[in-house]
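Subject: Structure handover

Hello,

Here is the structure for your files. My notes follow below it.

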Amino acid sequence: MTATTASPRSANAVTPRRARGSGSSQHSGIRESAVSRTIAMAVMVVATLYFLTPIWWLFVASSKTRADFTTTAPLWFADFALFENIAALFDYRNAVFLRWLANSALYAGIGALIATIIAAMAGYAIAKYTFRGRETLFNVILGGVLVPATALALPLFLLFSQVGATNTIWAVFLPSLVSPFGVYLSRIYAAASVPDEIIEAARIDGAGEVRTFFTVATRLMAPALVTIFLFQFVAIWNNFFLPLIMLRDESLFPVTLGLYVWNTQVSQIPDIRALVIIGSLLSIIPLILTFLGLQRFWQSGLANGGLK
Amino acid sequence: MAISTVARVGAMAALTALALTACSTGGSEAPGAAGGDCAPSDGPVTLTFTSWLPGVEEAVAIWNEENPDIQVEVQTGPNGNGGTYQNFFNQLEAGNAPDLGQIEFDAMPNFRVQDGLENIAACEGILEAEDQFVPWTWSQVTFGEEDAVYAIPQDTGPMAMFYRADLFEAAGIPVPTTWEEYQAAAAQIREQGGYINNFSQSDINAFAGLVWQAGGEWFANDGEQWEVNLTGEETTRVAEYWQGLIDEDLVAVYPPWTDEWNAAYNSSEIWTWVSAVWGANTIASGAPDTAGNWAVAPMPQWEAGESAAGNWGGSTTAVLKGSDHPYEAAQFALWLNTDADALTAMNKTANIYPATIEGADLPVFGEGVEFYGGQKIYEVFAEAGNNVDPDFTWGPTMTQVYNDVADGFSGAVSGSGTLLEALQSGQSSTIDALKAAAIPVKE
């Protein structure tokens, strides 16, 4: 997903500079050859095709009837049955798929929101307050960035087992609230974009520390916060291994796990394959919408974070 | 990670148990001996049951209705090798395993060796239930131990040959009854531009079914140590037979379960599939244009006049170690897999083919199937089920065996190495894997 949206964007970022370059070339004599530009374009077209073809295939496959699916060309439409397929999906097992979508929205939406707030507070605190062990704490958190979430799933399962909380919403929700990368980004961003003078001024005006954070600091840190939210949203939405290990109750599954479970039943019920395909298509739509809606912030946030 | 720890501790315990069951003198693992403790619990109980069988809730609902004091709660997940087995092991380690779990026949030894199963032989009616099941399935859940039953067989996958009756007839090729005739037919079909079959490079358990039919055995356990024999006489014979078909381009080698594989059947390029009973739905779904043209015959034989069959797939309902209510769990498992209504419900939602002898007589199996030209195909499979060799033993690390051999097989179909070489390397990697898990193995 990241790569899909990143490549067209970098194309945009590059093109204006090139345009400006060639515009001034009449004076300076610097000119990029048509050859290199064509090659660059060709590479990007290939990359775009590479990333979009599977999505195209998914869309076309989702629109086919069960019989057409195996018998017609994979990359072009046959009888258009997209809406019948969606209806069949929603009809299957009392609309359990909608339940999964709602679960994913809950885990990813609320989870990412709270994760962002926690990360912002932690990052801000580390950036702006001086206390013993500050650097040690930060380094430990930074170390957390390097530990893949998958490696933590099993220890988390054993921990949750001890308190009898496996197979509950909390088993997936609570671990989603932690974002070491978010803390890291918040710290860097807070240090760069929230001047000490503003905090001083807020204190002199009588604002408490919490109020200063929520009314002053968060606004200055907004681009970073959107970035953290997006990263965390995508991470939770795509998180598969933790729910796989934690959840047994079908009504708690996120959409990724639910589709995977269906896919393993194909040898028993071959027809379920069609539902997996249409379900996969529907399951990526929220991600695409979130990206399209927030990518402007995301772009500037990343750029700022990187530059400063 | 969790597995290897459990394995190390469990392997020794289980193997000791395997050796000593006959003179089991109790200890903490008491319910093994006849007259051991498998008593009903006081008051109402709730059991948890993890199964990936689609729609198993419907069968469970019938039980819950009839047994208000023993309520069963269904939990689900991906199929066994897709994650549920690993989950069971994690849960056994954490002490919160479900009371009951679905476990396929080929994974049973793994759970036995890691001491993940309750012996329910002492529970009421369990030992007596043996007569209700197809013989080979019962030996799979007892491991040949005395006074031991570790699960109740649920469904099976007796194998037969699906074939295109119309194409064979039009070409004037007799339907093969031996593997020799099958090879001759393959050459004739190839001349017409088709393939007789597709060699399934990644379905190692299907290949095991072919070996099973030929009388081969991959594993043996004498109560003290395991013996691995992936390269025995019968296995070699089967491997060389199929290698010959591959070398002469008489079988297709599409990756199974893909679109191109379905398309090859749908376009009449491939004429037969030697597969299990549940494959009936796979073809019907993947090759809709060929409806009405298929038929089912027994597997081709190694010796003319024999009627040996293999088995591919099937599972059990096991009571997992640590269940607080083994009595009730055992009663439920027995009911689920013998009650006509339950079996009918599971057949309806998940196409299962029951492991009981009477299950083959359910009304749904007595009907002709339109896709197969109205043939009563389940009669062939019922016959096949009775002809499956009961002595075949699965090993304790089948997931690893499947993966390792599949690597070699996919090389072999693309021309690097042979099936036999893949099995040879699987043989040594399996011995290594058993050693790594501290499971005693004969060199």
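In which loop of chain A does N167(A) lie? N167(A) sits in the loop between helix 7 (149-162) and helix 8 (169-176) of chain A; helices (H or I, at least four residues) and strands (E, at least two) are DSSP runs, numbered from the N terminus.

Before the rest, two remarks on conventions. This is a predicted model, in which local features need pLDDT of at least 70 and side-chain atom pairs count only at pLDDT 80 or more, while totals for chains, interfaces and linings use all residues. Residues are numbered from 1 along each chain as its sequence is written, and chains are lettered from A and ligands numbered from 1 in the order in which they are written.

Most residues other than glycine have a negative phi. N167(A) is not a glycine, yet has a positive phi of about 60°. D249(B), also not a glycine, has a positive phi of about 60° and lies in the loop between helix 9 (233-247) and helix 10 (259-266) of chain B.

Are these residues buried or exposed? N167(A) is buried, because 20 other C-beta atoms lie within 10 Å, whereas D249(B) is exposed, because it has 11. (Buried is 20 or more other C-beta atoms within 10 Å of the residue's own, exposed is 12 or fewer, and partly exposed is in between; C-beta atoms are placed from the backbone.)

Chain B against chain A

In the contact between the chains, 30 residues of chain B meet 23 residues of chain A; contact means C-beta atoms, placed from the backbone, within 7 Å. On the chain B side, the elements that give two or more residues are helix 3 (84-94), helix 10 and helix 11 (279-286). That side has ten nonpolar, 18 polar and two charged residues. (Ala, Val, Leu, Ile, Met, Phe, Trp, Tyr, Cys and Pro count as nonpolar, Asp, Glu, Lys and Arg as charged, and the others, Gly among them, as polar.)

Domains of chain B

Chain B is assigned domain 1 (2-156 + 313-366) and domain 2 (158-310 + 392-436), with bounds from an automatic or database domain assignment. Their contact takes 15 residues from domain 1 of chain B and 15 residues from domain 2 of chain B. On the domain 1 side, helix 1 (2-20) and helix 4 (108-113) of chain B each give two or more residues, and helix 4 of chain B supplies the largest share, four residues.

Regards

Terms used
Two residues are in contact if their C-beta atoms, placed from the backbone, lie within 7 Å.
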